[in-house]
Amino acid sequence: MNIEATLKSLSLEEKARLCSGKSFSNTNDLDGRLPSIELVDGPHGLRKQGGDQDMLGVFGSHPATCFPSGATTANSWDPELMREIGTALGEECRDQGVSVILGPAVNMKRSPLCGRNFEYISEDPYLAGRMAAGHINGVQSQGVGTCIKHFAVNNQETNRFTVNEDLSERALREIYLPAFETAVREARPWSIMGSYNKINGTPACQNKHLLDDILRKDWGYEGVTVTDWGAIWDRVEGIKAGLDLQMPYCGEDYINAVVKAVKDGTLDEARLDECARRV
């Protein structure tokens with residue numbers, strides 16, 4: 001595919017639609033003009049559901065191998081073992097037609113009450129980064145993308161969808177980001193998932209300092225940024241900050257807001273083009 005030629009052929013509405021999901025787990029194919037990418041949950045085991053899909057695992061999923069959780073595999077201190085697990089996960093993704101698996105999860109364990117601690121690799125930034133890099137390299141060796149998550153500071157369950165994490169730049173850089181940075185620099189994950197929470201007052205999926213200044217300019221990341229499912233507050237502000245793909249499909253209002261913002265001059269169309277190009 002010639003990306004630049006394809007991008008030039010898209011209307012404003014089509015570019016806005018491309019940056020939003022078409023369904024619960026698939027990107028928009030623009031009526032068959034582009035391939036649709038399927039993103040499926042599973043840091044330590046593929047969880048591809050059928051016609052009924054949900055965020056909580058209420059509905060059944062296709063049979064798949066359940067590997068030890070991130071918390072368990074971290075105790076091996078063995079990135080090569082993690083790579084083997086990633087390779088097996090990639091093989092299962094290919095078998096089930098999955099394009100991107102949502103994982104690994106590398107947030108720091110800071111509270112024993114965090115409901116995601118089982119899948120977060122470690123409370124140590126160095127260990128989490130090295131193990132995540134092994135996992136990503138394994139999955140992506142099979143031609144399947146990863147989506148490292150949840151970027152960033154998503155470390156508690158209480159008010160996880162709305163909490164404001166207030167922290168210093170030093171704490172952010174030395175504790176909460178190193179695992180992501182190591183994985184980005186060493187393994188180049190195809191995508192990275194923005195978290196639900198706010199960081200110093202700004203939602204993570206609209207946080208230019210996080211998504212643009214640090215991730216792209218400091219670390220040189222070239223992949224796609226994706227929302228956690230439903231983690232967008234203001235779609236226009238997300239695009240301005242560098243958030244490429246909103247998942248899942250959340251209705252026409254979000255798409256219409258992007259189109260309107262470009263037309264009235266509050267959103268530079270070149271910024272939308274950047275997001276569409278990466279998708």
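This is a dialogue on reading local features in a predicted model.

Colleague: How is a pair of aromatic rings described?

Modeller: A ring pair is described by two quantities, the distance between the centres and the angle between the planes. In this model the count comes to four aromatic pairs. In one of them, the ring centres of Phe 151 and Phe 180 are 5.0 Å apart and the planes stand at 70°, so the pair is edge-to-face, since planes over 60 degrees apart fall in that class.

Colleague: Which parts of the chain does the pair of Phe 151 and Phe 180 tie together?

Modeller: Phe 151 belongs to strand β3 (residues 145–151) and Phe 180 to helix α7 (residues 178–187), so the pair links parts 29 residues apart in sequence. Both Phe 151 and Phe 180 are buried. Together with Trp 219, Phe 151 and Phe 180 make up one aromatic cluster.

Colleague: Where does the charged end of Arg 160 sit?

Modeller: The charged end of Arg 160 is placed over the ring of Phe 161, 5.2 Å from the ring centre. The side chain of Arg 160 also meets that of Glu 157 in a salt bridge, 3.3 Å from N to O. Arg 160 counts as buried because its relative accessibility is 8%, under the 20% limit. Glu 157 is partly exposed, at 33%.

Colleague: How many salt bridges does the structure hold, and what is the case of Glu 13 and Arg 17?

Modeller: The structure holds 28 salt bridges. The side chains of Glu 13 and Arg 17 form one with an N to O distance of 2.9 Å. Glu 13 and Arg 17 are four residues apart in helix α2 (residues 12–18), so about one helical turn separates them. Glu 13 is partly exposed at 40% relative accessibility, whereas Arg 17 is buried at 17%. Another salt bridge joins the side chains of Asp 29 and Lys 22, at 2.9 Å from N to O. Here Asp 29 is buried, with a relative accessible area of 16%, and Lys 22 is partly exposed, with 43%.

Colleague: Which residues are linked in a network of salt bridges?

Modeller: The network links Lys 208, Asp 212, Asp 213, Lys 217, Arg 271 and Glu 274. Helix α8 covers residues 208–218, and Asp 212 is among its buried residues, as are Leu 210, Leu 211, Ile 214, Leu 215 and Arg 216.

Colleague: What is found at the start of α8, and what follows α8?

Modeller: At the start, a side-chain oxygen of Asn 207 comes to within 3.2 Å of the backbone nitrogen of His 209. After α8 comes Gly 220, with a positive phi near 70°.

Colleague: Is Asn 197 buried or exposed?

Modeller: Asn 197 is buried, with a relative accessible area of 0%. Asn 197 lies in the loop between β5 (191–194) and β6 (198–199). A polar atom of the Asn 197 side chain is 3.4 Å from the backbone oxygen of Val 153. The Asn 197 side chain also makes a polar contact with the side chain of Ser 195, at 2.9 Å.

Colleague: Which residues form a nonpolar patch on the surface?

Modeller: The patch consists of Met 55, Leu 56, Val 58, Phe 59 and Phe 161, with about 570 Å² of accessible area together. Val 58 lies in the loop between β1 (39–41) and α3 (70–73), and counts as exposed because its relative accessibility is 64%, over the 50% limit.

Definitions and conventions:
Residues are numbered from 1 along each chain as its sequence is written. This is a predicted model: local features need pLDDT of at least 70, side-chain atom pairs count only at pLDDT 80 or more; totals for chains, interfaces and linings use all residues. Side-chain values use heavy atoms; hydrogens and water are left out. Buried means under 20% relative accessible area, exposed over 50%, partly exposed in between (1.4 Å probe, protein chains only). Helices (H or I, at least four residues) and strands (E, at least two) are DSSP runs, numbered from the N terminus. A polar contact is a pair of N or O atoms within 3.5 Å; within protein, one must be able to donate a hydrogen and the other to accept it, and residues adjacent in sequence count only if both atoms are side-chain atoms. Patches are made of residues with over 30% relative accessible area and no salt bridge: like charges are joined within 9 Å, nonpolar side chains (Val, Leu, Ile, Met, Phe, Trp, Tyr) within 5 Å. Accessible areas come from the Shrake-Rupley method with a 1.4 Å probe; for residues, only the protein chains shown count as cover. A salt bridge is a side-chain nitrogen of Lys or Arg within 4 Å of a carboxyl oxygen of Asp or Glu. Rings of Phe, Tyr and Trp (its six-membered ring) pair if their centres lie within 6.5 Å; planes under 30 degrees apart count as stacked, over 60 as edge-to-face and the rest as tilted. A charge sits over a ring if NZ of Lys or CZ of Arg is within 6 Å of the ring centre and within 35 degrees of the ring normal.
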